[in-house]
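Student: I'd like to learn how to read a model like this one. Can we go through it feature by feature?

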Amino acid sequence: MRLKLDSRAPVYIQVIQYFKEQIASGSLDMGEEIPSRRELASELKINPNTVQRAYKEMEEAGLIYTDGNMPSKITKDEHVIKNVRESLLNEAIQNFITSVHTLNIPLEELIPLIKKNYEKGLQDRGESHDRSKRYT
Amino acid sequence: MKNFFKLLNFELNRFMKLFIILLVTIAVIQIIGTIILARSYMMQANQAVLQGGMSQQEFIDMYSPFSMIHVIYSLWFMGPIAIGVAALMFYVFFIWYRDWFARNTFIYRLLMLPTSRMNIFFSKATTIMLTVLAMVAYQVILLNIEKTIVKWLVPKVYRQDLRVVDLTVGSEYLSKVLPQGIVEFLIAYGLGLGFIVVIFTVILFERSYRIKGIIFGLLYAFIAFVLFVLPLSLQLFGCIYLYPMETLIVQIVMWIIIVGASLILSRYLLKNKVTV
Amino acid sequence: MNHMIEVKDIHKSFGRKKVLKGVSFTAQKGEITCLIGVNGVGKTTVMNAIMNLTPMNRGEILIDGEKINKRSYEKITFIPDTITMLPTMRIQDAFEFMNDYYNSWNQERAEELLNFFRLQKSDRIAELSKGNKAKANLLLGLALDVDYVLMDEPFSGIDIFSREQIANVFTSHLIEDRGVIITTHEITDIEHLIDKVVLLDNGIVVKEFNAEEVREEQGKSIVDVMREVFRI
């Protein structure tokens, strides 16, 4: 697990963001075990207190759950996962719209351009569509 | 208490190498000296008697028989002792300063041990005292060895055999170091211990206040000295008159005061003022 | 009971030179507190003061609410920027020494650290490279089951791989829930490990802050704050 950390943003938020992305993309499965607080701190070279906070917030948000003394797991609730996916998506889209706003391009022109760039991106990475269809 | 013994053992081990070198050096020089002195006497005797035509008795009357006295008053004997004394004096300081300097900052560890810091003081003082005692005992053994060597090299007729006891009386120096009785022993070593304790206090002053510390320390040593010789000097100047027993008692009280004050001061400095 | 180290208004002069002019801060157990400042500002002096290795002219230092005493050394350990063992000793001898005097010495932990740092018991301290000496030093401090670990410039003059190894210690169970105070002027290896930053300048604490808080509330990194405060 590699995370490039921004020194200016709170680390715990970056950890939560990272988990959200992993959940949304399906890299982390429903019910999959996540590393312990100390394991993750060690891997990412961050303070265990920070991981603690991130896990606490994720648990409160329902992204993870802990059964007694067992290691924490990703939620099995499809609903939650769908929401995460959607919120990340909306965030990304908002960012995109904001940055493209100034160029004043109408939507009809925008959509083919998006399609073109998206497909090219997939080609470059050698992936297929199928994986993303999993959660629709 | 346990920590004191651990530290004592530790300090003794650290000194061991230097100590053994010292002992060997002293032995070698003294023994070589004994041999040389004995043989040169015999050479002189043989030359006078066999070639010069003197009779043995004449020679003996003129030059007096050979005995350990010849050895003791020679440089071959006194030299190594001076070396030993110098080495010990040096070590009184070195035993502290080495823990601060010479790529050795062991003082950090000593000061961070979960034990009273006075154990450091006591273990160092005891190390010195024990090594002094060991050296004295060693010198007695050496004297006996040297006596035997003399017996081998010098025929009985030319020899005067003296007991070690008689020798010590004969030598002003030896009589102080190898005391005659228990009282003299306690006095000599009590003085030595007092001396070490005061010097250690001066060292701790320096380690606490640096240059100001040397001044404080020397001042303290001076006061201690004056206080200690007070009973004797007062008598010297005719201010007071005391019987020997009374003098002894007063001196002991002085000693107790000085050593006590030094220990209290040292404890305060070690606990609160000393710096790495 | 407060589980922290409290440094209260400490002053220290060396001769006529006033080095610490009223330094105050706290370091909590379970947190990594970092003292940052330029060379010579007095970071080492503060650490020495906490450990009673040098006296203060004024001020007070409390460890879990108590002034330091001989028992404190089973609760708090200091890893200074110099070796605390005789150079002639082998690591094995150092272990025996520590085991002899400290109840809090954890032989298992020591062996673990030995492997972690890839050192041998038969290594003679004087013959170790600078990086290995630093690691040996760290080892002796970390193998004690103490609540607080103080490290003075653990990364100074160390090669990058040894630095990584040392940084790894901070996230491992070897630090556990201990309180750590570390001084450094090089934070790149540990920027995301630090809980609290204490900036020293001109003999006082010019700023004391929680790294994550500043990131969250002001969007600034530790280095950003340093630049502001030291006006670089």
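Predicted model: local features only at pLDDT ≥ 70, side-chain atom pairs only at ≥ 80, totals over all residues.

Student: Where is the place of Val229(C)?

Tutor: Val229(C) sits in helix 7 of chain C, which covers residues 222–230.

Student: And which residues is Val229(C) in contact with, leaving aside its neighbours within four places in sequence?

Tutor: Those are Leu199(C), Val206(C) and Lys207(C). Take Lys207(C): it is 22 residues from Val229(C) in sequence, yet the two C-alpha atoms are 7.8 Å apart in space.

Student: Let's zoom out. Which pair of chains shares the most contacts?

Tutor: There are two pairs of chains in contact, and chains B and C share the most contacts. Chain A and chain B do not touch, with their nearest C-alpha atoms 29 Å apart.

Student: How do I read the size of an interface?

Tutor: The usual idea is that interface size is often given as the accessible area lost when the parts come together. Here, chain C and chain B bury about 2,300 Å², and carbon and sulfur atoms give 60% of that. The contact takes 24 residues from chain C and 24 residues from chain B. On the chain C side, Leu53(C), Leu86(C) and Tyr101(C) supply 29% of the area that chain C buries against chain B, more than any other three residues.

Student: How many salt bridges and polar contacts are there between chain C and chain B?

Tutor: The salt bridge count is zero, while 13 residue pairs are in polar contact, both residues being at pLDDT 80 or more. Helix 2 of chain C gives the most to the side that touches chain B, with four residues. By class, that side of chain C has 16 nonpolar, five polar and three charged residues.

Student: What about the interface of chain A and chain C, how much area do they bury between them?

Tutor: Chain A and chain C bury about 1,700 Å² between them, 42% of it on carbon and sulfur atoms. In terms of residues, 19 from chain A are in contact with 21 from chain C.

Student: How many salt bridges are counted between chain A and chain C?

Tutor: Three salt bridges are counted there. In one salt bridge, the side chains of Arg8(A) and Asp224(C) meet at 2.4 Å, N to O.

Student: Which elements give two or more residues to the side of chain A that touches chain C?

Tutor: Helix 1 (11–25), helix 2 (37–44) and helix 3 (48–60) of chain A do. Helix 2 of chain A gives the most, with four residues. The residues on this side of chain A divide into eight nonpolar, five polar and six charged.

Student: While we're on chain A, what pattern does it follow along the sequence?

Tutor: Chain A reads α-α-α-β-β-α-α-α, with six helices and two strands. Its C-alpha trace spans about 55 × 35 × 25 Å along the principal axes. Of its 136 residues, 31% count as buried. Among contacts in chain A between residues at least 6 apart in sequence, 56% join residues at least 24 apart.

Student: Now the rings. How should I read an aromatic pair?

Tutor: You describe a pair of aromatic rings by the distance of the centres and the angle of the planes. Over all chains, the count comes to 28 aromatic pairs. The ring centres of Phe19(A) and Tyr55(A) are 5.9 Å apart and their planes are at 85°, so this pair is edge-to-face. The pair links distant parts of the chain, with Phe19(A) in helix 1 and Tyr55(A) in helix 3 of chain A, 36 residues apart. Both Phe19(A) and Tyr55(A) are buried.

Student: And what kind of pair do Phe97(C) and Tyr101(C) form?

Tutor: Phe97(C) and Tyr101(C) form a tilted pair, 4.6 Å centre to centre with 40° between the planes. They are separated by about one helical turn, because they are four residues apart in helix 2 (residues 91–101) of chain C. Phe97(C) is buried at a relative accessible area of 5%, and Tyr101(C) is buried at 6%.

Student: Which residues of chain B form one aromatic cluster?

Tutor: That cluster is formed by Phe15(B), Phe19(B), Phe90(B), Tyr91(B) and Phe94(B).

Key
Residues numbered from 1 in each chain as written. Chains lettered and ligands numbered in written order. Heavy atoms only, no water. Contact = heavy atoms within 4.5 Å. Buried area = accessible area lost by both parts, 1.4 Å probe. Salt bridge = Lys/Arg side-chain N within 4 Å of Asp/Glu carboxyl O. Nonpolar A, V, L, I, M, F, W, Y, C, P; charged D, E, K, R; others polar. Phe/Tyr/Trp six-rings, centres within 6.5 Å; stacked < 30°, edge-to-face > 60°. Buried < 20%, exposed > 50% of the residue type's maximum accessible area, 1.4 Å probe, protein only. Polar contact = N/O pair within 3.5 Å; in protein donor to acceptor, adjacent residues only side chain to side chain.
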